[in-house]
Structure formats: C-alpha cells, structure tokens
Amino acid sequence: MLVDGIRLPSPRVGDLLAVPVTGAYCFTMSNNYNGSRRIPVVFAGNGTARLVVRRETWDDLLARDVLP
C-alpha cells in the first residue's frame, strides 16, 4: 500500500511511479546485498524535474567484484 484509499491502475512494463516521500528506507538505506542496482533519485516540483542521483549501471554494480 502506497497511499491509503487511493486506487492505482494495474502497472504495465515501462510505467513510472512517483512517490512523494519514502522515508529512510529507500535510497538512503539502499545497498547491493541482493544484487540489485540502486534506483535513480529525481527532485520534482512546479512542473519540472531534475535527476540528482543517476541509476546504477550493471558496471557500477560489478565494479568492486574481484574475479579469479
């Protein structure tokens, strides 16, 4: 549940979901323990949006791995 009492249409591939407030348990506390890339962070307001943290790439995720 994102917002009590608000119904969303069924999501489809390619849909974007904007969440106005996520608290501490989103990007701030994110890590890669499960092999997932970190999400981008976008600040939006007054009809404009700007990327402040880019989405991690697969190369970012694998950059610190030490291969035999």
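**Exercise 1.** What does the accessible surface of the protein come to, and what percentage of it belongs to carbon and sulfur atoms?

*Solution.* We begin by noting that the model is predicted. In this model the accessible surface comes to about 6700 Å², and carbon and sulfur atoms account for 58% of that surface.

**Exercise 2.** Describe the order of the elements in the protein, and state how much of the chain is buried.

*Solution.* The protein contains two strands and one helix, and, read from the N terminus on, these elements follow the order β-β-α. Turning to burial, we find that 6% of the 68 residues are buried. As for contacts between residues at least 6 apart in sequence, 17% of them join residues at least 24 apart.

**Exercise 3.** Decide whether L8 is buried or exposed, and name the surface patch to which L8 contributes.

*Solution.* L8 lies in the segment before β1 (41-45). Its relative accessible area is 55%, and because exposed means over 50%, L8 counts as exposed. Together with V3, I6, L17 and V19, L8 makes a nonpolar surface patch of about 480 Å².

**Exercise 4.** Decide whether E56 is buried or exposed, and find which residues E56 touches.

*Solution.* E56 sits in the loop between β2 (48-53) and α1 (58-62). Its relative accessible area is 14%, which is under the 20% limit, and therefore E56 is buried. Leaving aside residues up to four places away in sequence, E56 touches N32, S36, R37 and R38. With R38 there is also a polar contact, which joins the two side chains at 2.7 Å.

Notes:
Residues are numbered from 1 along each chain as its sequence is written. This is a predicted model: local features need pLDDT of at least 70, side-chain atom pairs count only at pLDDT 80 or more; totals for chains, interfaces and linings use all residues. Side-chain values use heavy atoms; hydrogens and water are left out. Patches are made of residues with over 30% relative accessible area and no salt bridge: like charges are joined within 9 Å, nonpolar side chains (Val, Leu, Ile, Met, Phe, Trp, Tyr) within 5 Å. Accessible areas come from the Shrake-Rupley method with a 1.4 Å probe; for residues, only the protein chains shown count as cover. A salt bridge is a side-chain nitrogen of Lys or Arg within 4 Å of a carboxyl oxygen of Asp or Glu. Helices (H or I, at least four residues) and strands (E, at least two) are DSSP runs, numbered from the N terminus. Buried means under 20% relative accessible area, exposed over 50%, partly exposed in between (1.4 Å probe, protein chains only). A polar contact is a pair of N or O atoms within 3.5 Å; within protein, one must be able to donate a hydrogen and the other to accept it, and residues adjacent in sequence count only if both atoms are side-chain atoms. Contact means heavy atoms within 4.5 Å.
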